[in-house]
Amino acid sequence: MSKHPLKFNSKTIHGGQEPDAAFGAVMPPIYQTSTYAQTTPGGHKGYEYSRSANPTRTALERSLASIENGEYGLAFASGLAAIDAVIKLLSPGDEVVSTNDLYGGSYRLFKQVFEKFGITFHFIGMGEVARIEEKINKNTKLIWVETPTNPMMNVINIKAVAALAKKHKILLAVDNTFATPYLQRPLELGADIVMHSATKYLGGHSDVVVGALVVRDKELADKLYFIQNASGAVCGPMDSFLVLRGIKTLHVRMQRHCENGEAIARYLKKHSKIEKVYWPGFEEHPNHEVAKSQMSDFGGMISFIPKGSNFKDAVKIVEKLQVFTLAESLGGVESLAGHPASMTHASIPKEEREKSGVVDSLIRLSVGIEDVDDLIADLEQAIG
Ligand SMILES: *Cc1c(COP(=O)(O)O)cnc(C)c1O
């Protein structure tokens with residue numbers, strides 16, 4: 001491999017990868033095996049049982065560490081399994097300060113699974129870092145940040161939160177699913193843990209459910225590896241292969257997601273029947289300066305509210321779309337549209353949801369990499 005440190009657009013293809021030791025296969029083989037022959041008890045070639053480690057998963061974990069500019073990658077059965085492993089670092093009595101406007105499944109895991117085990121979660125708007133400090137006490141062990149947020153596209157200043165976390169000796173974890181390391185690398189900004197739903201942009205083809213963590217600190221990596229192996233929610237070899245394959249085109253896909261996203265955000269903003277468009281690339285977006293400083297572009301996720309609309313009007317628009325598919329999830333090559341209030345965010349109580357702006361008429365788009373003219377024509381006929 002090259003002696004020079006690779007740039008991002010090469011790391012997606014080569015980062016942490018070597019041709020396979022057995023026959024020189026350029027793409028890591030799918031080691032579809034649960035166990036490995038030993039010559040004598042304990043005499044193995046680094047692999048004993050595929051929950052503990054599998055060569056295809058190792059290849060993915062090294063790729064993940066490389067693209068996030070970290071040291072250690074861990075691949076899980078889903079994004080939520082990765083989050084679950086992070087929360088299992090904690091003990092009863094510990095407290096977590098979390099973004100209020102976050103993935104509905106993360107909220108459900110925190111509130112309905114982990115609160116029962118005596119962990120307390122505080123959900124707050126993180127636009128002003130001072131508000132985070134108000135919630136910190138001696139029991140606070142983790143700050144959970146999702147940025148840009150889902151679906152309101154708020155942007156949280158990772159560097160500022162990292163400084164606060166360091167001051168109080170608290171771990172900072174960042175869900176980097178929306179931005180991807182193409183746009184934003186939280187470890188470089190001072191975060192301790194980066195988390196991904198690799199189901200989304202990293203996989204990129206809506207054909208797999210996988211989660212990931214990346215860290216730099218060896219001790220933290222060891223603790224997370226212990227939980228990964230002890231709890232067992234690992235990523236299988238076939239799924240590891242699919243995400244590795246997806247990552248190889250991450251940079252070219254993201255470039256197009258960003259271009260199409262910008263064109264659609266600007267089209268919607270000019271539209272007479274649209275009330276409000278949420279996209280961090282607009283100069284008047286409240287966190288535009290922070291977005292510009294920590295992201296290299298603004299991504300392909302957009303939310304909007306049609307003028308004078310209610311729950312039913314929003315549902316009618318998403319039903320009329322033909323090129324956009326009405327579906328949960330995001331980050332694939334195909335464009336998707338969603339209605340957060342009845343889909344991704346239905347598990348958050350209405351009152352809680354509306355506090356962060358997720359009103360009944362909000363529509364969320366994951367802009368794909370199709371021809372942007374077709375996407376705009378589709379929106380035009382649906383909005384009418
Ligand atoms: C999808 C998603 C998750 C959960 O990941 P799964 O792979 O579905 O378990 C977490 N965070 C964000 C931002 C997501 O979009």
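1. Ground rules. This is a predicted model, where local features need pLDDT of at least 70 and side-chain atom pairs count only at pLDDT 80 or more, while totals for chains, interfaces and linings use all residues. Residues are numbered from 1 along each chain as its sequence is written, and side-chain values use heavy atoms, with hydrogens and water left out.

2. Cis peptides. Have a look at the loop between β4 (140-146) and α6 (158-167), which holds P148. Helices here are DSSP runs of H or I with at least four residues, strands are E runs of at least two, and numbering goes from the N terminus. The bond joining T147 and P148 is cis, with omega about -5°. P151 is also found in the loop between β4 and α6, and the peptide bond from N150 to P151 is cis too, with omega near 5°.

3. Positive phi at K169. K169 is not a glycine, yet its phi is positive at about 55°. This residue lies in the loop between α6 and β5 (171-175). K169 counts as exposed, at 77% relative accessibility. For the burial terms, buried is under 20% relative accessible area, exposed is over 50%, and partly exposed is in between (1.4 Å probe, protein chains only).

4. Positive phi at S329. Another non-glycine to check is S329, with a positive phi of about 80°. S329 sits in the loop between β10 (325-326) and β11 (336-338), and is partly exposed, with a relative accessible area of 25%.

5. Helix α9. Residues 237-247 form α9, which is mostly covered, with eight of its eleven residues buried. Among them are F241, L242, V243 and L244. What do the buried residues of α9 pack against? Their partners are α1 (8-14), α2 (55-67) and α10 (250-270), with contact meaning heavy atoms within 4.5 Å.

6. Strand β7. Five of the five residues of β7 (residues 211-215) are buried, so the strand is largely enclosed by the rest of the structure. Both faces are covered: G211, L213 and V215 are buried on one side, A212 and V214 on the other.

7. Neighbours of β7. Two strands pair if DSSP finds at least two bridges between them. β1 (residues 72-76) runs antiparallel to β7, joined by five bridges, and L74 stands opposite L213 in β7. β6 (residues 193-197) also pairs with β7 in the antiparallel sense, over five bridges; there, V194 has V214 of β7 as its bridge partner.
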